[in-house]
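Please open the structure in a viewer and keep the selection panel at hand. The stops below are arranged so that each selection can be made in turn.

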Amino acid sequence: MSASILVVEDEEPIQILLSYNFEAEGYRVRATAQGEDVSHLVGEERPDLIVLDWMLPGISGIEVCRLLRARPETRDIPIIMLTARGEETERVRGLATGADDYLVKPFSVPELLARVRTILRRANPDAVAELLNAGDIVLDRKARRVTRSKRDVNLSPTEFRLLEHLMQNPGRVYSRAQLLDAVWGRDIYVDERTVDVHVGRLRKSLQRGRETDPIRTVRSMGYAFDERFGKAS
Ligand code: CA
């Protein structure tokens, strides 16, 4: 069962960005713009993590955090607080109220995803797999290491994230734009051809001799980790 995340954010573009990226990572996502909805949603199904905006139209994020921490049944749910830039004292207060972590807007999506993984791993080691396996390829998230047939595959950090992203959902086709968002982050401008360059390098690093190519190019669509890779045909 994949981890479930509750997004509480009233800025629609950010709510959409978060939901989209969490779903792409394989999490189950529910979202609301209202702090008032949180206790109902949490009662309906306890999320594994809450991403909570500080400034909400009704009751504030800090108040929501306080309410969750006050009740024994919701006390342990990890919370990542989102704050606006430069609210240094607010940040400190956010942490004091019991948020597990905070990010300052505008944040980088890969950074947020990394923090989410760290917190989920800490809270529930099974929720986030440390190792991704496919055929003879093993990706170790903790050690940031990839091996194929037990030999080390040297990858740049970007290529590592690219492979990690593709391996999380074998068979799923990602467009170049989706990969740019997930691997490079939306706040950085990179040409879509950059994706092709890095996929090319990744392929080269992964293949030795006559080894098969685990990455599938889907014409006019994008790339996928081949779901048949490593399986008997
Ligand atoms: Ca807000």
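**Stop 1: the domains**

Please note at the outset that this is a predicted model. Begin by colouring residues 4-127 as domain 1 and residues 129-225 as domain 2, which are the bounds given by the domain assignment of the chain. The C-alpha centres of domain 1 and domain 2 are separated by 28 Å. Where they meet, domain 1 contributes 14 residues to the contact and domain 2 contributes 17 residues.

**Stop 2**

Asp10 sits in the loop between strand E1 (4-8) and helix H1 (12-24), while Asp53 belongs to strand E3 (residues 49-53). This pair is 43 residues apart and links distant parts of the chain.

Now compare the accessibility of the two aspartates. Asp10 has a relative accessible area of 32% and is therefore partly exposed, since that class runs between 20% and 50%. Asp53 has a relative accessibility of 3%, so it counts as buried.

**Stop 3: Leu6 in strand E1**

Select Leu6, which is found in strand E1. Is Leu6 buried or exposed? Its relative accessibility is 0%, so Leu6 counts as buried. Apart from neighbours within four places in sequence, the residues in contact with Leu6 are Arg30, Ala31, Val38, Leu41, Val42, Pro47, Leu49, Ile50 and Val51. To span the model, draw a distance from Leu6 to Gly230: the two are 224 residues apart in sequence, and their C-alpha atoms are 35 Å apart in space.

**Stop 4**

In soluble globular proteins, nonpolar side chains tend to be buried together. The largest nonpolar core here has 28 residues, and Val146, Leu163, Met167 and Leu206 are the ones that touch the most other members. Display the elements that each supply at least two residues of this core: strand E6 (131-134), strand E7 (137-140), helix H6 (157-168), helix H7 (176-184), helix H8 (193-206) and strand E11 (222-225). A second, separate core has 21 residues, including Ala3, Leu17, Val109 and Leu113.

Then return to Met167 and show its surroundings. Leaving out residues up to four places away in sequence, Met167 touches Leu132, Asn133, Ala134, Ile137, Leu139 and Phe225.

**Stop 4: the aromatic pairs**

How many aromatic pairs does the structure hold? There are two aromatic pairs. Select Phe22 and Tyr27 for one of them: the pair is edge-to-face, at 6.1 Å centre to centre and with 70° between the planes. Phe22 and Tyr27 are both buried. Select Phe225 and Phe229 for another pair, whose ring centres are 5.7 Å apart; their planes stand at 85°, so this pair is edge-to-face. Phe225 and Phe229 are buried as well.

**Stop 5: Gln178 in helix H7**

Move to Gln178, which lies in helix H7. A polar atom of the Gln178 side chain is 2.9 Å from the backbone nitrogen of Ser175. When residues up to four places away in sequence are set aside, Gln178 touches Tyr20, Arg172 and Val173.

**Stop 6: backbone details**

Select Lys105 and Pro106, which are joined by a cis peptide bond with omega of about -5°. Pro106 is placed in the loop between strand E5 (101-104) and helix H5 (109-123).

Continue to Arg144, in the loop between E7 and strand E8 (145-148). Its phi is near 50°, a positive value in a residue other than glycine. Arg144 is partly exposed, with a relative accessible area of 44%.

End at Lys150, in the loop between E8 and strand E9 (151-153). The phi of Lys150 is near 70°, again a positive value in a residue other than glycine. What is the relative accessible area of Lys150? The value is 80%, so Lys150 is exposed, the threshold for that class being over 50%.

Terms used. Residues are numbered from 1 along each chain as its sequence is written. Side-chain values use heavy atoms; hydrogens and water are left out. Rings of Phe, Tyr and Trp (its six-membered ring) pair if their centres lie within 6.5 Å; planes under 30 degrees apart count as stacked, over 60 as edge-to-face and the rest as tilted. Buried means under 20% relative accessible area, exposed over 50%, partly exposed in between (1.4 Å probe, protein chains only). Helices (H or I, at least four residues) and strands (E, at least two) are DSSP runs, numbered from the N terminus. A nonpolar core is a set of buried Ala, Val, Leu, Ile, Met, Phe, Trp, Tyr and Cys residues joined through side-chain atoms within 4.5 Å. Contact means heavy atoms within 4.5 Å. A polar contact is a pair of N or O atoms within 3.5 Å; within protein, one must be able to donate a hydrogen and the other to accept it, and residues adjacent in sequence count only if both atoms are side-chain atoms. Domain bounds come from an automatic or database domain assignment.
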